[in-house]
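Let's walk through this model together, one question at a time. Keep the viewer open as we go.

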Amino acid sequence: MSRSGPVTAPSALPGEVIRRLREAETVCALTGAGVSAESGIPTFRGSEGIWAKYDFRRLATPEGFMSDPCLVWEWYQLRQVEIAKAAPNRAHLALAEMEASLPSFTLVTQNIDGMHRRAGNSRVVELHGNIWRMRCTRDGTVSDIDGPVRDIPPFCACGSLMRPDVVWFGEQLPRAEVERSSEAAASCDLMLVVGTSAVVYPAAALPIIAKNSGALVVEVNAEPTDVSTYSDATLIGPAGTLLPEIWRMMGYPERFMK
Ligand code: BJW
């Protein structure tokens, strides 16, 4: 199939891409921070991103946490406050409609913000954990957090330090989630890659697995990424506009989106 250069509207996609979008039954979506950007939650990279203001070595590595757990918890508390105030946007809602309507749909996210569940997705593969959980540094016991943490740093009932239940650089991703996402990537007929710079591995390998397994790979991003070099189509623009448009193009009415 001939690849399309970046376009800004689904209607500008080549006919064959549109046909395969309409025929897709087994769909996998990989999302990143860009899917939550229109909800007011900052992304990581770029001039406005988190890493332009904060040092990832101090905040998103196990070494950073062990050297200053209070600093790391203060940063997560700040983000919890920000996320608690945010509402799901039309990109989240379109992905929730996909889960409700398609014969087979797997949502894989790198985001820890829990926004996909709030939008209505119930089967979410969270590769990098969840900001609303914490874990005991001694025995790994996980507990839910029902709002921004109050005591910093939090301690487990056993007296040990708790850490956010997220995946930092240099740490292994949860094995079951890696397996589920790899299987979904290898068996889908359409992979949507939404709002991720696709530079962080192993998540960034999922669209490559999908492509090598014969899936149609369609990227939605505010700007081109490495995925654009091999995707069948790249749509440039806000996910909150483009995903509902793709969903209509796939032949589905927007039932919940108003
Ligand atoms: C919009 C938009 C709008 C904006 N609409 N779009 C192989 C090769 C090279 C390196 C490695 C490798 N394998 C492993 C590594 C090391 C490392 C890695 O990948 N490093 C690279 C950066 C070089 N990976 C790891 O360490 C991982 N662990 C691992 O692999 O273990 C085994 C191992 C370890 C060491 C060596 C070898 C093997 C763990 C990675 C954990 C990532 N953790 C973080 C923090 C999580 C917790 C938290 O959030 O607090 O995860 S870092 C951060 O990046 C976060 C994100 O999930 C992740 C991805 O970012 P994402 O989502 O793509 O966001 P951005 O900001 O980068 O992009 C946003 C995009 O949206 C942009 O493109 C915008 O244009 C777009 N956009 N508005 C549409 N409205």
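Helices (H or I, at least four residues) and strands (E, at least two) are DSSP runs, numbered from the N terminus. This is a predicted model, so local features need pLDDT of at least 70 and side-chain atom pairs count only at pLDDT 80 or more, while totals for chains, interfaces and linings use all residues. Residues are numbered from 1 along each chain as its sequence is written, and side-chain values use heavy atoms, with hydrogens and water left out.

Q: Is V227 buried or exposed?
A: V227 is found in the loop between strand 8 (216-221) and strand 9 (233-236). Buried means under 20% relative accessible area, exposed over 50%, and partly exposed in between (1.4 Å probe, protein chains only). The relative accessible area of V227 is 1%, so V227 is buried.

Q: Which residues is V227 in contact with, leaving aside its neighbours within four places in sequence?
A: Contact means heavy atoms within 4.5 Å. With neighbours within four places in sequence left aside, the partners of V227 are V193, A198, P207, V217 and E219.

Q: What is the phi of A198, which is not a glycine?
A: Most residues other than glycine have a negative phi. A198 lies in the loop between strand 7 and helix 9, and is buried, with a relative accessible area of 6%. Although A198 is not a glycine, its phi is positive, at about 55 degrees.

Q: Which residue does a cis peptide bond join to Y201?
A: Most peptide bonds are trans. Here the bond is cis and omega is about 10 degrees.

Q: What is omega for the cis peptide bond from I152 to P153?
A: P153 is found in the loop between strand 5 (142-144) and strand 6 (162-166). The peptide bond from I152 to P153 is cis, with omega near -10 degrees.

Q: Which residue has a side chain joined by a polar contact to that of N121?
A: N121 lies in the loop between helix 7 (115-119) and strand 3 (124-126), and counts as buried at 2% relative accessibility. A polar contact is a pair of N or O atoms within 3.5 Å; within protein, one must be able to donate a hydrogen and the other to accept it, and residues adjacent in sequence count only if both atoms are side-chain atoms. At 3.2 Å, the side chain joined to that of N121 belongs to E99.

Q: How many aromatic pairs does a search of the whole structure find?
A: Rings of Phe, Tyr and Trp (its six-membered ring) pair if their centres lie within 6.5 Å; planes under 30 degrees apart count as stacked, over 60 as edge-to-face and the rest as tilted. With that rule, the number of aromatic pairs found in the whole structure is nine.

Q: How are the rings of F44 and W51 arranged, and what is the pair called?
A: F44 is partly exposed, with a relative accessible area of 23%. The ring centres of F44 and W51 are 5.2 Å apart and their planes stand at 40 degrees, so the pair is tilted.

Q: What is the pair formed by the rings of F56 and F169?
A: The centres of the F56 and F169 rings are 5.1 Å apart. Their planes are at 70 degrees, so the pair is edge-to-face.
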